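Me: I'd like to learn how to read a few features from a set of atoms. Could you walk me through them?

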Amino acid sequence: MAEYEKPLPRQADPALTQPFWDAAKRHELILPRCFQCSRHFWYPRQACPHCLSPDWEWTKASGRGRLHTYTIVRQPQNPAFNDDVPYAYAMVQLNEGVRMISNLVDVEVPDGVRIDMELEVTFEDVTEEWTLPRFRPAS
């Protein structure tokens, strides 16, 4: 695997978020789901944002959703992304009801990007340690 020269995620609370990253390495998308109210939420936190219950578990997500909104990045903040422009920085509304930020791949940017387009998760193994979830048009 070639050396990855772009910034990698920084976990604010590795004990809380490590299961998500471990699942991504297995090319699985998981989300927190509350035992009390049965709702999914994103981002992982100590308690459910809907009912404040501290009792939740990681559950496998469908990996499918729709494009809620996006922006086309033409001038990245970090020069490591200069070769990638233009790219779509997207907010994806997952079928489980949560919204997740990611990038769109396998789509012509900007002409192929449309609000409400159906998407599915895909995974990019960027280093031995990190796999990033991305979204592409659903097949």
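Me: Is phenylalanine 35 buried or exposed?

Reply: Burial is judged by relative accessible area: under 20% is buried, over 50% is exposed, and partly exposed lies in between, with a 1.4 Å probe and protein chains only. Phenylalanine 35 has 52% relative accessibility, so it counts as exposed. Please keep in mind that this is a predicted model, where local features need pLDDT of at least 70, side-chain atom pairs count only at pLDDT 80 or more, and totals for chains, interfaces and linings use all residues. Residues are numbered from 1 along each chain as its sequence is written, and side-chain values use heavy atoms, leaving out hydrogens and water.

Me: Where is phenylalanine 35, and which residues does it touch?

Reply: Strands are DSSP runs of E with at least two residues, helices are runs of H or I with at least four, and both are numbered from the N terminus. Phenylalanine 35 sits in the loop between strand S1 (30-34) and strand S2 (56-60). A contact means heavy atoms within 4.5 Å. Leaving aside residues up to four places away in sequence, phenylalanine 35 touches Asp55, Trp56 and Glu57.

Me: How far is phenylalanine 35 from valine 126?

Reply: The two are 91 residues apart in sequence, and their C-alpha atoms are 33 Å apart in space.

Me: What is the pattern of the protein chain along the sequence?

Reply: The order is α-β-β-β-β-β-β-β, with one helix and seven strands. As for burial, 37% of the 139 residues count as buried.
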